[in-house]
Amino acid sequence: MKKNWLVRILLLIGYCVPYAFLSINGDATSGTMLFYGVMVAAFALLCWGSIKTNNMLIVFIGNILSFVSSYIVATFGDLEAMAWYFKPFTAYSLLIAISIAATVIQAIVVVVCKVKKRA
């Protein structure tokens with residue numbers, strides 16, 4: 001039982017990294033989209049770990065934590081100064097769009113895995 005709690009805590013800690021902010025900031029400062037790939041890989045790994053350990057609720061809680069941490073870091077990191085780079089989006093609207101897209105994609109993966117598991 002203790003191992004299950006440890007896995008949940010580690011997955012939540014992994015989700016607390018502000019992936020959306022790091023991707024947007026990396027794109028604006030270095031002009032490369034490599035950071036979005038890192039974000040996708042990290043989310044895929046965390047989602048896979050949650051599914052394999054049967055902690056599917058962690059995916060949704062973790063995405064909320066990731067969004068909150070990204071928004072807080074963006075507020076303190078002066079992301080608004082880079083808003084000119086993300087036209088037609090503002091920096092915050094892009095952060096919200098990326099977080100929603102990541103959550104929706106992971107939710108679809110979780111639902112598909114649940115359906116396959118039942119069949």
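At what angle do α2 and α3 pack, and how far apart are their axes? In this predicted model, the angle is about 165° and the axes lie 8 Å apart. An angle over 145 degrees counts as roughly antiparallel, so α2 is roughly antiparallel to α3.

**Overall fold**
- The protein chain has five helices and zero strands.
- Along the sequence, the pattern reads α-α-α-α-α.
- The C-alpha trace spans about 50 × 30 × 20 Å along its principal axes.
- Of the chain's 119 residues, 38% count as buried.
- Among contacts with a separation of 6 or more, 75% join residues 24 or more positions apart.

**The α2 and α3 pair**
- α2 passes α3 in a right-handed crossing.
- From α2, the contact uses Tyr19, Ala20, Leu22, Ser23, Ile24, Gly26, Asp27 and Ser30.
- From α3, it uses Phe35, Tyr36, Met39, Ala42, Phe43 and Leu46.
- By class, this contact has 10 nonpolar, three polar and one charged residues.

**The nonpolar core**
- In soluble globular proteins, nonpolar side chains tend to be buried together.
- The largest nonpolar core here holds 28 residues.
- Tyr15, Ile24, Tyr36, Leu79, Phe86, Leu95 and Ile98 touch the most other members.
- Two or more core residues come from each of α1 (2-15), α2 (19-30), α3 (34-52), α4 (56-76) and α5 (91-118).

**Around Tyr15**
- Setting aside residues up to four places away in sequence, Tyr15 touches Phe43, Leu46, Cys47, Ser50, Ile58, Val59, Gly62, Asn63, Leu65, Ser66 and Gln106.
- Of these, Phe43 and Leu46 also belong to the α3 side of the contact with α2.

How values were computed:
Residues numbered from 1 in each chain as written. Predicted model: local features only at pLDDT ≥ 70, side-chain atom pairs only at ≥ 80, totals over all residues. Heavy atoms only, no water. Core = buried A, V, L, I, M, F, W, Y, C linked by side-chain atoms within 4.5 Å. Buried < 20%, exposed > 50% of the residue type's maximum accessible area, 1.4 Å probe, protein only. Helix = DSSP H or I, 4+ residues; strand = E, 2+ residues; numbered from the N terminus. Contact = heavy atoms within 4.5 Å. Axes fitted to C-alpha atoms, helices over the stretch in contact; angles between N-to-C directions. Parallel < 35°, antiparallel > 145°, perpendicular 65-115°, else oblique. Left-handed = near helix turned anticlockwise from the far one by under 90°. Nonpolar A, V, L, I, M, F, W, Y, C, P; charged D, E, K, R; others polar.
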